[in-house]
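Please find below some notes on the model shown here. They go from one residue to the whole chain.

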Amino acid sequence: MEWCLENARFQMVVQATGAELTQLWDKQRQHHWLWQAQPGVWNNVATQLFPVVGQLIHQGLWQGKRFYPLPAHGFLRNHPFTCIEHSATRLVVEASDDRRTRAIWPFAWRLRIEWQLTDDGITLVWQVTNPGEDALGYSLGWHPGFALPVASQPGWHVRFAGERVRGPFRTHHRTLNTENAAPGVTSFPLTAQTFTAGAVYFAQTQHGQVAVCAPDGEAQILFFLHDQPWLALWNVPGEDFLCVEPLYGTTDAPDFDGQIAHKRGIRWLEAGKTCQHRLTVRFRADSQQGAD
């Protein structure tokens, strides 16, 4: 099952499995903004990450002495969502824990994702609720890939507005060491060598603005982060797409002991409480560079 939204400029499609955004067609620019999944390259489009972010070096996590096997980025990408509300430009979907998820994540949870199609882009709201009696531990993130000629056109870069973010922190074998202080940056070039070792992380990105810029310096996509403290960039070298990932957690540290309570980025939500997270994404409206 899938749900479609449309306004004067955009058409978008969200899948019931994983609440994955799989199409974002710009009628004005005649451009598919999203990467289209390709087996053997990257077989996803815009993955929802929950209840963990990144690689798990122990192939799961421990809570005390009990081990819970868990895949990288969690299980949400294969989890079914149901529709709560659907109009021409707004979609609200929901998923919750069940017997299968409790076997690999020992918490009660409910997640609503709201999609709002706007004149210049999309707004997402994630609402996490703890319906259980114990505190809920979770991380959350979004892993969209955008169809941009970052490999075939040298000069693409990412620009950070406002406060200097910490980074870049480069991954090694899908682990992330942040102990060595990285210099603050306001701009980050995308070169043929940028992602040869994997994803690149930036810290202290909350309440910031991130722009993906074409070689001429014009911003093609703008991200307005809410309280996401991490941002990751990733691409398969030589391919014309860029993943821009606002995150509430990271891939494991190389010396991580595997305990849920010690995992970087895990947030704790008290029983009966709800927490909202928000992201706005805007796309350049004219037909200049970056739309081909």
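1. Strands (E, at least two residues) and helices (H or I, at least four) are DSSP runs, numbered from the N terminus. On that basis Gln220 belongs to strand β20, residues 219-225. The model is predicted: local features need pLDDT of at least 70 and side-chain atom pairs pLDDT 80 or more, while totals for chains, interfaces and linings use all residues. Residues are numbered from 1 along each chain as its sequence is written, and side-chain values use heavy atoms, without hydrogens and water.

2. Gln220 has a relative accessible area of 0% and is therefore buried (under 20%, with a 1.4 Å probe and protein chains only). Its side chain makes a polar contact of 3.3 Å with that of Arg29 (a pair of N or O atoms within 3.5 Å, one able to donate a hydrogen and the other to accept it).

3. The protein chain contains 24 strands and 1 helix. Its radius of gyration is 18 Å, close to the 19 Å of the globule rule for 292 residues, so the chain is as compact as a globular protein of that length. The radius is taken over C-alpha atoms, and the rule is 2.2 Å times the number of residues to the power 0.38.

4. Of the 292 residues in the protein chain, 53% are buried. Among contacts (heavy atoms within 4.5 Å) with a separation of 6 or more, 65% are between residues 24 or more positions apart.

5. Along the principal axes, the C-alpha atoms of the protein chain fill a box of roughly 55 × 45 × 35 Å.

Methods:
Buried < 20%, exposed > 50% of the residue type's maximum accessible area, 1.4 Å probe, protein only.
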